[in-house]
Amino acid sequence: MAVVKVNRVGISREEVDRALERLILDLEDRMPPEALEEARPQLMKQAVENLVNQSLLLQEADRRGIQAEEAWVLERFGEIAARFPRVEDFHTVLESMGLSEDAFRRELAQNQKIETLLAEEVGPPEETTREEVDAFYRDNPENFTLQEKVRARHILISTEAADSEPVRVQKRLEVARLRGEIAQGGDFASLASRHSGCPTSAQGGDLGFFERGRMAAPFEEAAFSLKPGEVSHPVETQFGYHLIQVTDRQEAGIVPLEQALERIAEYLSAQKNGEKIAEYLGELRLKATVEYASEPQD
């Protein structure tokens, strides 16, 4: 049964679920799991509306006889596949999106048709003036305030609530042994890949940059006390025993306007373009029949 029909063209629950998972994947690095779960009903509605808009644009493109260029689709497909070190990795990502290679090519073709339609109706992105850039920088200081951040690797020797004291002692000794090996010139990333019980072991224990308030308190206290290259003493959290190596730091401060010029101009140009696209979609929607089967539930 269709979740929604756009001019009698149905959008299935399977399509909505797939669109929802993509939204969640896009947000995973920016939102903690509990916040993502709380936002899930709203993201479901957003997924439905995104698919409605896509259907409106595709139907209009088809009405005008706009066709995708097969050569462009194949070239774009090849460019995306080439970003992955192995073909298997590319297929894994496609599977996580619920797509086969053929389905992905069809999606690329649809995207090109929509881009062609929007280029005809909306035109190229509108340029942003220096005055607009200056005003945005002045009126949005919070966007250019840098929080203190560190980038760190860690090695985790996991503990369980049921671990006996002798087992915990053995794990503490393992952490101490690894720290000694590092002190004697052992490579932290290599040791993390072989010994860490955290999924980040695949990246040599790299956690990327994080600011205060993102990690367990003992872990955070240790990480922010280190200079780049330094390794912590063993740190205990609810997850187990950690060794932490800070690899980079970003001090708190303000991004100078000259460094932010290009980014602000691109953002404002995209914002203007988005407003024109939204206006055009509103016109299409006024002429369309959109029927919702029911309020989408997760």
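Q: Let me start with a detail: which residue in strand 7 is the bridge partner of Lys-149?
A: That's Gln-250. Before we go on, this is a predicted model, where local features need pLDDT of at least 70, side-chain atom pairs count only at pLDDT 80 or more, and totals for chains, interfaces and linings use all residues. Residues are numbered from 1 along each chain as its sequence is written, and side-chain values use heavy atoms, with hydrogens and water left out.

Q: Fine. What counts as a strand or a helix here?
A: They are DSSP runs numbered from the N terminus: helices are H or I with at least four residues, strands are E with at least two. Two strands pair if DSSP finds at least two bridges between them.

Q: And how many bridges join strand 4 to strand 7?
A: Ten, and the two strands run antiparallel.

Q: What stands opposite Lys-149 in strand 5?
A: Glu-211. Strand 4 and strand 5 are antiparallel too, joined by four bridges.

Q: What's the strand order in that sheet?
A: The order is 5-4-7-6, in an open sheet of four strands with antiparallel pairing. Strand 5 (206-211) and strand 6 (235-237) are the edge strands, each pairing on one side only. On average, neighbouring strands are turned by 45 degrees against each other, direction ignored. Axes here are lines fitted to C-alpha atoms, for helices over the stretch in contact, and angles run from 0 to 180 degrees between N-to-C directions.

Q: How do strand 6 and strand 7 pair?
A: In the antiparallel sense, over three bridges, with strand 7 covering residues 240-250. Glu-236 stands opposite Tyr-241 in strand 7.

Q: Which strands does helix 7 touch?
A: Helix 7 (residues 165-183) packs on the sheet and touches strand 4 (149-158), strand 6 and strand 7. Its direction makes about 35 degrees with that of strand 7. Contact means heavy atoms within 4.5 Å.

Q: What about helix 9?
A: Helix 9 (residues 217-224) also packs on this sheet, touching strand 4, strand 5, strand 6 and strand 7, and its direction makes about 40 degrees with that of strand 7.

Q: Switching topic: what's the order in the sheet of three strands?
A: This open sheet has the order 2-1-9, with antiparallel pairing. Strand 2 (9-12) and strand 9 (290-292) each have a single partner strand, so one side of each is left without a neighbour in the sheet.

Q: Where does Lys-5 come in, and which residue is its bridge partner in strand 9?
A: In strand 9 the partner is Glu-291, while in strand 2 Lys-5 stands opposite Gly-10. Strand 1 (residues 2-6) pairs with strand 9 over three bridges, and with strand 2 over four.

Q: What's between strand 1 and strand 2?
A: Two residues, in a hairpin; Asn-7 in the turn has a positive phi of about 50 degrees.

Q: How many salt bridges does the structure hold?
A: There are 28.

Q: Now pockets. How much space lies in the largest pocket?
A: About 890 Å³. A pocket is an open set of points on a 1 Å grid over the protein atoms alone, where a 1.4 Å probe fits, with protein on both sides within 12 Å along at least five of seven lines; lining residues have an atom within 4 Å of a point. Grid points are joined across faces, edges and corners, and the volume is the space filled by probe spheres set on the points.

Q: What lines the largest pocket?
A: There are 27 lining residues, and Leu-51, Gln-54, Glu-107, Gln-110 and Asn-111 lie nearest the centre. Helix 2 gives the most, with eight residues.

How values were computed: Salt bridge = Lys/Arg side-chain N within 4 Å of Asp/Glu carboxyl O.
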